[in-house]
Amino acid sequence: HYFFRGIYPTNQTVTNDGVYDVITVQNTAFSAASAPSELMIALPRSTGTCESHGKEIKTYGICATKGTITMNFEYAMSKIELRLKSTGTSGSDYVDLTREGTKVEIIQGYTKGKIKLEDGLHSYYSDSDKGNYSLSKLSTAAEGSQMTTLDAVMPQVLGDDVLFKITVTNADDTHDVYHAQVNTIKGAKNGETPALITEWKHGEHYIYTLDVKKSQIFVSATITDWTTVDASDDVWM
């Protein structure tokens, strides 16, 4: 039996943490074709599952074969996009999110971790992996929003303490702070019925739309899959 793994982009540092071969990653502003934003781990498959060769590939490797081995690359991180707006242009409930100093953070989420080569998933979390993370503002906001952030974030289960925090600097240099508990936000995937998003999964792109009012925040979300990339060739063993 042989073990095959693919890593993209190349030249990633692989270490052993005493149990697994891993790549250490952390939250970062999203940057296409770079790690960890688009870090991908490939496992060999001849069909769509790891068990297609008779035994679990991540444990037993690939049996001798004259068939084509497909290296199936899946993204290791979650892509988190926040689109902020305040409906209307004036009034007592309007919030100017274009002001300098407006900041958006994830509070008490996991900010770093280790991706296993075995299965492309996170190995484990520790308390030291958790903290606050400032989301990265795009130079051009998405259509219909005043401010947009885009980041590659550690996949994770979302506890009750994980929040979106929005800090707005007013004209008189005072600050307004808004919070939204992330695991209470519903999102729809592929037109399905919206459901609570209680986990950020690897390879999924979460787009949150936040309509910020002086009195409250209205939040909705959509979920899409990153494109899975297959690379295949004949492997003779």
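With which residue does E81 form a salt bridge? The partner of E81 is R83, and the closest N and O atoms of the pair are 2.8 Å apart; a salt bridge is here a side-chain nitrogen of Lys or Arg within 4 Å of a carboxyl oxygen of Asp or Glu. The structure is a predicted model, in which local features need pLDDT of at least 70 and side-chain atom pairs count only at pLDDT 80 or more, whereas totals for chains, interfaces and linings use all residues. Residues are numbered from 1 along each chain as its sequence is written, and side-chain values use heavy atoms, with hydrogens and water left out.

By this criterion, the count of salt bridges is six. E81 is buried at a relative accessible area of 7%, and R83 is partly exposed at 27%; buried denotes under 20% relative accessible area, exposed over 50%, and partly exposed the range in between (1.4 Å probe, protein chains only). K116 pairs with D119 at 3.3 Å between the closest N and O atoms. K116 is buried, with 9% relative accessibility, and D119 is likewise buried, at 14%.

A further salt bridge joins the side chains of K130 and D161 (3.5 Å, N to O). Because K130 belongs to strand β10 (residues 130-134) and D161 to the loop between β12 (156-157) and β13 (163-169), this pair ties together parts that are 31 residues apart in sequence. Strands are DSSP runs (E, at least two residues), numbered from the N terminus. K130 is partly exposed at 28% relative accessibility, as is D161 at 37%.

K79, located in strand β7 (residues 78-85), is buried yet has no salt bridge. The nearest side chain of opposite charge is that of E38, 5.1 Å away; Lys and Arg count as positive and Asp and Glu as negative, while His and the chain ends are not counted. Beyond its neighbours within four places in sequence, K79 is in contact (heavy atoms within 4.5 Å) with F30, L150, D151, E204, H205, Y206 and W226.

One cavity of 30 Å³ or more was counted, a cavity being a set of points on a 1 Å grid over the protein atoms alone where a 1.4 Å probe fits but cannot get out. Ten residues line the largest cavity, and I41, E74, D119, G120 and H202 lie nearest its centre; lining residues have an atom within 4 Å of a point. Strands β5 (40-45) and β6 (68-75) each supply at least two residues of this lining.

Conventions: On a 1 Å grid over the protein atoms alone, a cavity is a set of points where a 1.4 Å probe fits but cannot get out, and a pocket is an open set with protein on both sides within 12 Å along at least five of seven lines; lining residues have an atom within 4 Å of a point. Grid points are joined across faces, edges and corners, and a volume is the space filled by probe spheres set on the points. Helices (H or I, at least four residues) and strands (E, at least two) are DSSP runs, numbered from the N terminus.
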